[in-house]
Amino acid sequence: MSRGGKIALGIAAAVILAGVGLWAARGALAVAAMERIYDRAMNADPYAGLPDGLHVGLCGSGSPMPDPGRAGPCTVVLAGRQLFVIDSGAGSVKNLALMNLPPGRVDAVFLTHLHSDHIDGLGELMLQRWAGGGRDAPVPIWGPSGVETVVAGFTDAYRIDSGFRIAHHGPKVVPPAGFGGVARPFDPPAEGPDLVLIDTPDLKVSAFPVRHEPVEPAVGYKFVYKGRSVVISGDTAASPRVEAAAKGADVLVHEGLAPNLVAMQTNAAKAHGRANLAAITHDILSYHTPPEEATAIAQRAGARYLLFTHIIPPLPMRALEGPFLGRSREIFSGEVRVGHDGDFLSLPTGGTQITRTNRLAIFQ
């Protein structure tokens, strides 16, 4: 064998041995990685490293349709050091924790409407916020009329469990007075200015009606913190109130339904005799917004960034994002993104910068 061949053989042998060594040590490496993850998750200040500003993330970008890659609808807003959750779909509470935005730190919840997919994680959020945060007062839950019934129902459903936890951990760890939620119902005026819910020198939160008939009332929200702004559409057909709220906004978080892809579901349901599902997939077209219409709203409003959520239908392959968006990128001059669980936009105060990360990427 030539000298060059011996060298190549030696290198190959070294690579194989290194690979075998890494394989043998994989358990120890995984444990070390897990230790770092726990250290990060248990940090007394989960917001360390974030600039003062307005931050918005997707703790759930899905819809009622089964999607293994997306939790139910949930948006999180961090204004300075105040943490707010908008809607609480199934699986979203776990995503919050994985995004290092502990449910125990949630200051208030805002519901856009009372469809089941927007509230089916609310009981777990209430429980985790109480037990994980050692809270001594229930979480405020803002929402359209009817929210008081929903909050009372989840409080009753979890009451037996709360007793178990108090008996197990003791009242110092889980103060009985902090269990549950406090409903703060409101009715947004159909006409006139948006309804201001929170108004402080640094933060303003307002609600406005949207078009989700026959679901009434249904609302969107606008958060303004030290000059930076985020608008969240909630579930809606194309709405002039969303457009008005989004005038000059930094970020518009808007729902999206692609009729071309939903039509495939309808056709398949009809072909297999699933008349009820065919009717449902046809009916949902009337109270959601096609992506191209949402981008036209963002363009007319002068919003700078459009983030799609409540994705309908599920997109099991990234290659489907193009057909989902259609001509959206031609219509909107700003940045547009099909949202994924964990997406997190940071808007530091004192400027116009918008940066994106994904706080679940470490687990993917």
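In this predicted model, residues 24 or more positions apart account for 66% of the contacts with a separation of 6 or more. The protein has 364 residues, of which 49% count as buried. Its secondary structure comes to 12 helices and 15 strands. Taken along the principal axes, the C-alpha atoms fill a box of roughly 85 × 55 × 55 Å.

**Nonpolar cores**

The largest nonpolar core has 32 residues, and Val231, Leu252, Ile284, Leu306, Phe308 and Phe324 have the most contacts inside it. Two or more residues each come from helix H7 (240-245), S11, H8, helix H10 (291-301), S12, H11 and strand S13 (335-338). Apart from this core lies another, of 28 residues, which includes Phe110, Ala207, Val253 and Leu307.

Leaving aside neighbours within four places in sequence, phenylalanine 324 is in contact with Gly256, Leu257, Ala258, Leu261, Pro291, Phe308, Ile311, Ile312, Leu315 and Val338.

**Aromatic pairs**

The model has 8 aromatic pairs. Two of them are set out below.

| Pair | Distance between ring centres | Angle between planes | Geometry |
|---|---|---|---|
| Phenylalanine 110 and phenylalanine 223 | 5.7 Å | 85° | edge-to-face |
| Phenylalanine 186 and tyrosine 221 | 6.4 Å | 75° | edge-to-face |

Both pairs are classed as edge-to-face because their planes are over 60 degrees apart: 85° for phenylalanine 110 and phenylalanine 223, and 75° for phenylalanine 186 and tyrosine 221.

The pair of phenylalanine 110 and phenylalanine 223 links distant parts of the chain. Phenylalanine 110 is in strand S4 (residues 106-110) and phenylalanine 223 in strand S9 (residues 219-225), 113 residues apart. Phenylalanine 110 has a relative accessible area of 0% and is therefore buried; phenylalanine 223, at 0% relative accessibility, also counts as buried.

Phenylalanine 186 lies in strand S6 (residues 181-186) and tyrosine 221 in strand S9, so this pair ties together parts that are 35 residues apart in sequence. Phenylalanine 186 and tyrosine 221 are both buried.

Which residues do the ring pairs link into a cluster? The cluster holds Phe84, Phe110, Trp142, Phe186, Tyr221 and Phe223.

A ring also takes part in a contact of another kind. The charged end of arginine 359 sits over the ring of phenylalanine 344, 4.6 Å from the ring centre.

**Helix H8**

Helix H8 (residues 259-271) has 13 residues, which at 1.5 Å a residue should span 18 Å; the end C-alpha atoms are 18 Å apart, so the two values agree.

Which residues of H8 are buried? They are Leu261, Val262, Thr266 and Ala269. Seen down the helix axis, the buried residues of H8 fall within an arc of 150°, so they line one face of the helix. The general rule is that an α-helix has 3.6 residues a turn, so residues three or four places apart point the same way.

Met264, Lys270 and Ala271 are exposed on the other side of H8. The cover over the buried residues of H8 includes strand S11 (251-257), helix H9 (275-283), strand S12 (305-312) and helix H11 (321-325). Just after H8, glycine 273 takes a positive phi of about 70°.

Methods
Residues are numbered from 1 along each chain as its sequence is written. This is a predicted model: local features need pLDDT of at least 70, side-chain atom pairs count only at pLDDT 80 or more; totals for chains, interfaces and linings use all residues. Side-chain values use heavy atoms; hydrogens and water are left out. Helices (H or I, at least four residues) and strands (E, at least two) are DSSP runs, numbered from the N terminus. The expected span of a helix is 1.5 Å times one less than its number of residues. Buried means under 20% relative accessible area, exposed over 50%, partly exposed in between (1.4 Å probe, protein chains only). The arc is that of the directions from the helix axis to the C-beta atoms. Contact means heavy atoms within 4.5 Å. Rings of Phe, Tyr and Trp (its six-membered ring) pair if their centres lie within 6.5 Å; planes under 30 degrees apart count as stacked, over 60 as edge-to-face and the rest as tilted. A charge sits over a ring if NZ of Lys or CZ of Arg is within 6 Å of the ring centre and within 35 degrees of the ring normal. A nonpolar core is a set of buried Ala, Val, Leu, Ile, Met, Phe, Trp, Tyr and Cys residues joined through side-chain atoms within 4.5 Å.
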